[in-house]
Structure formats: structure tokens, C-alpha cells
Amino acid sequence: PGPAGAEGEKGLAALAPLLVTLPVPLGIFEVADWPAFDRPGSRPVAIMLSASRLRGAARGAKTRPAVFRALAHAGAQCAKGGCTLCMPGSEGAGCVPSQGLFRGVLRARFCVEPPGDSQLRSHLYVAVAFGCVPVFFDQSHEAYAPPASEVGWWPWRRPPEAADDPSAGALDYRRFSVILNGSDARRAAWVQNLVSMAQDGSWRRLQDNLAHAAALLRTTRKPCDPGDREDGVCDAFSAFEDVIRRAREPVEAIARAHGD
């Protein structure tokens, strides 16, 4: 029998399986230098949605049609591959659906990321890398829906109740994104709220925090330079190595205590 009480529980927790949600590897190795690109008027698109209307619907993702309807109702230009809602006053030639994914993301302030085949989609990592503030619909995929009291397992996500506990997760998504509930997609208010944030400049605060998130949501070609960051973490893989290293410490301590 193992030790009883708090120490016993701690030991059992250390021996439990380690579950980690990792980002999708993409062909983006360097984060775009969007501060050098951004200038007044350089992002004439308030909200961008680059997605098919029904992707993932058969597997439980019911949010996309509602997102399309809300954006179209607000005056967005919508087609088979997504929607573009211009900043007020930027309609016309200065704000048209862009040809090319990266060019479109660089012109948008908010990128809507509804679930598809799973809770998240690869477009998220493009948006973060190019300075477009992501907009999520939490608990909106039937196949992956957690209990109402829990949050979705997104890469490195720190639960709201553990906002001050770095060990609970590396990223507080509320610092660099807008998180809505799945039921919000059916209401038009979320669109106008985003436009208001794009107008009053409050979206910039979220964008300013994207750089840290972007580093953890990409995989670089080369190992981290020890001088990049104090903890030696510079991308998703090095962050995973750090998680494994920290998870091994209590296990090794238990082994030493038992003379193994």
C-alpha cells in the first residue's frame, strides 16, 4: 500500500498519465513582423472568416452556419470560402476579399475560428502568426464538448480559475483572443461587439499579447537558442520538452524515496 493523505494523493497524481494538447505543425517557422507592417489603416478588414460553411457539421460542429448568417446579416461579403466584414468607412476598393490566405490575415483585425473537424482549426495558427486576433466559440463542438463547468482543451490553455498559476498551462487565451460561447454564434451582438473593439482600439491590447502566444503555437526548424528565453522555451516542441521535464521531477523524487 502507498502512503496515505496528501502525500499519497500527490504521488498518485505524479504517476497518472500526462495528457497534453499540442498545436498542429504548419509550414510557418517564423512569426511575421506585423508591428513593422501595421500602420493606421493597414488592416481595413474588421472581421475575417476563412472557412467553408459546413466543414465538420457531420461530426458535431454546428457553429459555422450561424457564424456565416451573423456576419452576412451585419453586411459582410460572404462567399463559399468565408466572409469579409470591412471597417466602417473602409468599404469599397480598399476592403475587398483578399486573394491568398496570408495576405488576407495581414489585412484583418479579428479572425473568426469556428470549430471544424475538431475543436480548433489550423487557420488559428496562421492568424496568430500574422497578428490577427483570433475569435473562438468554446464548447461548440458536440464531439469534443467538455462538461459545462470545464473549458476546451486547447494547446497550452490555462483554465480561468488558474489564471495566476503558470504551472496549470502556459497560455491564458483571454489575454490574446476573444472567447465566446457556442450559443453566442446565433446572436448578432457578437459581430457588433467585435466591430466596436476594432474601432475603439481595444483589439490592439489583445494583439500586443499575440507575440508570446505565437512562439508557443509554432514549431521552428532549429533547436532553441538558450539565450532566446530564460526557460529555454521558444516554440511548441521545446514547450513540450519542458512539460515532460517538469512532469518527470516528482516521479523521480518518488523513485528516489523508495530507493528505486
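**Close-up views of the predicted model**

**View 1. Phenylalanine 136 and tryptophan 154 form a tilted ring pair.** Phenylalanine 136 counts as buried because its relative accessibility is 1%. This residue belongs to a predicted model. The structure holds five aromatic pairs. In the pair shown here, the ring centres of phenylalanine 136 and tryptophan 154 are 4.6 Å apart and the planes meet at 35°, so the pair is classed as tilted. Phenylalanine 136 is part of strand 5 (residues 133-138), whereas tryptophan 154 lies in the loop between strand 5 and strand 6 (178-181), so the pair ties together parts that are 18 residues apart in sequence. Tryptophan 154 also counts as buried, with 4% relative accessibility.

**View 2. Tyrosine 173 and phenylalanine 176 form a tilted ring pair.** The centres of these two rings, of tyrosine 173 and phenylalanine 176, are separated by 4.9 Å, and their planes stand at 40°. Tyrosine 173 has a relative accessible area of 1% and is therefore buried. Phenylalanine 176 is likewise buried, its relative accessible area being 2%. Ring pairs join Phe136, Trp154, Tyr173 and Phe176 into a cluster.

**View 3. Arginine 157 lies over the face of tryptophan 154.** The distance from arginine 157 to the ring centre of tryptophan 154 is 3.8 Å.

**View 4. Leucine 71 in the largest nonpolar core.** This core has 48 residues, of which Ile47, Leu71, Phe110 and Trp190 touch the most other members. Helix 6 (residues 189-200) supplies the largest share of the core, six residues. Apart from neighbours within four places in sequence, leucine 71 is in contact with Ile47, Leu49, Ala76, Cys78, Cys83, Trp190 and Val191. A second, separate core is made up of 13 residues, among them Val45, Val105, Cys111 and Phe130.

**View 5. Aspartate 235 is buried without a salt bridge.** Aspartate 235 is located in the loop between helix 8 (210-216) and helix 9 (236-257). The nearest side chain of opposite charge is that of arginine 218, at 6.7 Å. When residues up to four places away in sequence are not counted, aspartate 235 touches Ala215, Leu216, Arg218, Thr219, Thr220 and Cys224.

Technical notes
Residues numbered from 1 in each chain as written. Predicted model: local features only at pLDDT ≥ 70, side-chain atom pairs only at ≥ 80, totals over all residues. Heavy atoms only, no water. Helix = DSSP H or I, 4+ residues; strand = E, 2+ residues; numbered from the N terminus. Buried < 20%, exposed > 50% of the residue type's maximum accessible area, 1.4 Å probe, protein only. Lys, Arg positive; Asp, Glu negative; His and termini not counted. Salt bridge = Lys/Arg side-chain N within 4 Å of Asp/Glu carboxyl O. Contact = heavy atoms within 4.5 Å. Core = buried A, V, L, I, M, F, W, Y, C linked by side-chain atoms within 4.5 Å. Phe/Tyr/Trp six-rings, centres within 6.5 Å; stacked < 30°, edge-to-face > 60°. Lys NZ or Arg CZ within 6 Å of the ring centre and 35° of its normal.
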